[in-house]
Amino acid sequence: MKRRKSRYIIVALILIISLGIGVTIGAITWIIKDTPDISSYKGSSEATIIYSSNGAQLTKLYKENRIYVPLDEIPAHLKEAIVAVEDKNFYVHHGIDFFGILRAVVANFRAGYRSQGASTITQQLARNALLHQEKTYYRKIQEAYLALQFERTYTKPEILEMYLNEIFMGHSAYGVQAATIQYFNKDVSELNINESALIAGLPRAPNYYSPYNNMEAATNRRNFVLNKMVEMGYLNEQKANQIKETEINLRAPENNKEQNYAPYFVRYVRDKLLDMYGANMVYSSGLKVYTTLDPEMQVIANKSINDALEKQYIPTVNKTGTGDPQQPQMALITLDVKSGAIKAMIGGRGNDQFNRAVQAVRQPGSAFKPFVYTTAIKNNYSPANIINDMPMKNPKKNSTNDKEIWPTNYGNEYRGLVSLRTGLVHSINIAAVKLLKKISVADTIETSSQMGISTFTEPDNNPDHYSLALGGLNRGVKPIEMATAYGVFANNGIRNEPFAITKILDKNNRIIYEAHPKKEIVLSAETSYLMTDMLRSVILEGTGWRANLDRPVAGKTGTTNDYTDAWFVGFTPDLVTSVWIGEDNTNSMVYNQRDSNGNYIFSEGAGPRTISSAEAAQLWGEYMTEVVKGREVTSFNRPNDIKTISVDPITGKLPNKYTTRIKDELFKVENVPRSAETLHGPVETVKIDKTTGFLATENCPEENVVEYTYIEKNMIRVGPANISFRENNDGSKNPDNLVKGVYIVEESEPVQTIDKNLGIPITNSKDEVIYETKPTQYCPDHPAEDTAPQVDPKDSAIFDIWDFLNNNED
């Protein structure tokens, strides 16, 4: 009976053991089937590095901050230190160190806690590359299996290279190269033994042993690694003791605060990369991206903005309902004229996601006027052609714009007959609108589009859309496109597509992309030069004087209605920069906030601070002054077919012997004036009673008598003169209730007769302007005894000055 019972027990045990073995084998088989295939390991994820134009690192884009480095570039003492402290039997085991496991079990049992690990370098590689970090027996079995597979597939040097590039080293660093940069700001090949020992000690507990977090623990761990190297024979004890006495000198990377240096540019490049390659490749493939950013210019741009804010000529107020509460916002972008390379970029005064330099679409104001003038110059106008800068009836009067008079000039000043150059120099609204009427909206949009403006919409194409001349677009323009378009002037009519990336290398240093930006001739060199010279005059004589430099420079101001946008776009022969200032929600930039005493916080004279193109030009000037400092002074390239001719500025024709004002002007060779002007001749000065407008007599009160100048042959009155109109704002006479205006007549310029209420020139039945002529009747209010026979003023001669002007014809 006992023997039979013993047999049953033995059989039962065998069955239980067999079942256990079967279950274990089945479980291990199932776990192995659930283990990732080693063939899915395609190498470590590597950071993409973005460099500036001088090769300095701007930032990294990564899932894991890793820079792959070949084994032969890693110093021997670092490899020895890693093997000594992590896996001394690395070169003899086949992925699993059974003796190491037994040793760790004994040591842990004696210590009463887990004092040693038993994972080999190969197991750690398997865990970090293909598994999760959770400590379970399930994961340990997978780890052991994968270690065996790695050993079957790769050589020991290959495994060590993968491990040294894979392992986490604390903070954001993966692999020894990223760790070396993070802690010592050098290449891994430059490490000394002291530094290698510290790096080798990190994998056990990277953040705990980080010298940034715990220098004492890091030092002790380094010493432990040195002792292990002595044990392995990699280092003698005397040398190890000397190193232990050596301090650990950390050196954080200079670009540790990455993206604060040029955050908008970095994001701009990142978005370009994502469009080109997708997120996985950008964040994992170890690309090396070389960009156009000039670090020096970017630093100057940052400082210029900060200085403007500190000086408070650009104020800071906090607003709600905007992406960044700090307002007003700003954008600045600089392009290389010859290539289109983006050299500096500021997309805002904060660090938000909205890049105003490339994304904001804002009204350009008068900064759009050069496109109107360019279209005219393209169509054989010259800078000397004449426009009548006098108030006009509204050509686009409708239900939304019912003004009788439109547009008006800044300050309600009108200059009469002006050249195209004068119209642009002084940013005269009337001149721009009248010129646009002559050349057409469609042609102007075509020119602007060819030069780089892409934001036009269907309403802009309306043939009567004359507000376009004043920058009244349906949507607006982008700062980067304004810089591109103005760059055409400086680049002899060639438009360059702006670009930020010069080349991209893969992790094996093979070029996978090289920039070949599009170039297109959109203007003749002659048209570009004439426009450049006119825009130089804007700086030297007109609204852009705050942007003057110690070298040739050209540009244009722009301010929108109600001061919602302020611009200055300018260029040298080498660089073009666009500056924009405005609030994100298009509020007026009039800052009338007061302190507790009732004083303006941001004052301008006695009133509140108002931001206009003056501040934009000042910012541009301060920035560009520093940018060009020390650079060679160069000139704009003048084509051979541009001629300098002396002309009469009133007619645009060659002067005659009676012409009193002569001005040098530039012409295309085919537009050079051929004939002399016939307007001017001998003049006479006549006394007039200003209260009656008739010839003064000896009995006219002295205070009523003024002297006017007339051309003898045609009796036309000429300036100088200042004639006021709209003296009375009576609604019946002045339907728009316009403020007082002034008609400024320059020397020798013919004086137009005007409606004293509206300021519009009086015309005859042919719509020709009537000019003031010498009266033929003596003052009836103060007659002299021997007054000559009177002539009815209705019989006075009427002359049309346009007979004497070239009006774009010779």
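**Close-up views of a predicted model**

**View 1. Thr 753 and its surroundings.** The side chain of Thr 753 has a polar atom 2.7 Å from the backbone oxygen of Ile 770. That is a polar contact, meaning N or O atoms within 3.5 Å, where within protein one must be able to donate a hydrogen and the other to accept it, and residues adjacent in sequence count only if both atoms are side-chain atoms. Everything here comes from a predicted model, with residues numbered from 1 along each chain as its sequence is written. Local features need pLDDT of at least 70 and side-chain atom pairs pLDDT 80 or more, while totals for chains, interfaces and linings use all residues, and side-chain values use heavy atoms, with hydrogens and water left out. Thr 753 sits in the segment after strand S30 (741-745); strands (E, at least two residues) and helices (H or I, at least four) are DSSP runs, numbered from the N terminus. With 18% relative accessibility, Thr 753 counts as buried. For accessibility, buried is under 20% relative accessible area, exposed is over 50%, and partly exposed is in between (1.4 Å probe, protein chains only). Leaving aside residues up to four places away in sequence, Thr 753 touches Ile 760, Pro 761, Ile 762, Ile 770, Tyr 771 and Glu 772, where contact means heavy atoms within 4.5 Å.

**View 2. Glu 772 paired with Arg 717.** One of the residues touching Thr 753, Glu 772, also meets the side chain of Arg 717 in a salt bridge, 2.9 Å from N to O. This pair links distant parts of the chain, with Glu 772 in the segment after S30 and Arg 717 in strand S28 (residues 717-718), 55 residues apart. A salt bridge here is a side-chain nitrogen of Lys or Arg within 4 Å of a carboxyl oxygen of Asp or Glu. Glu 772 is partly exposed at 24%, whereas Arg 717 is buried at 6%.

**View 3. Lys 774 and Glu 684.** These two form a salt bridge, and their closest N and O atoms are 3.0 Å apart. Lys 774 is in the segment after S30 and Glu 684 is in strand S25 (residues 683-689), so the pair links distant parts of the chain, 90 residues apart. Glu 684 is partly exposed, at 25% relative accessibility.

**View 4. Lys 319 and Glu 583.** The whole structure holds 22 salt bridges, and in this one the side chains of Lys 319 and Glu 583 meet at 2.8 Å, N to O. Lys 319 is in the loop between strands S6 (317-318) and S7 (326-327), and Glu 583 is in the loop between S19 (575-582) and S20 (590-591), so the pair ties together parts 264 residues apart in sequence. Lys 319 is partly exposed at 22%, while Glu 583 is buried at 0%.

**View 5. A salt-bridge network.** Glu 64, Arg 66 and Glu 166 are linked in a network of salt bridges. Side chains of opposite charge can pair when their charged atoms come close.

**View 6. Cys 700 and Cys 779.** There are zero disulfides in the structure; a disulfide would need a pair of cysteine sulfur atoms within 2.5 Å. For Cys 700, the nearest cysteine sulfur is that of Cys 779, 3.8 Å away. Both are buried: Cys 700 at 8% and Cys 779 at 2%.
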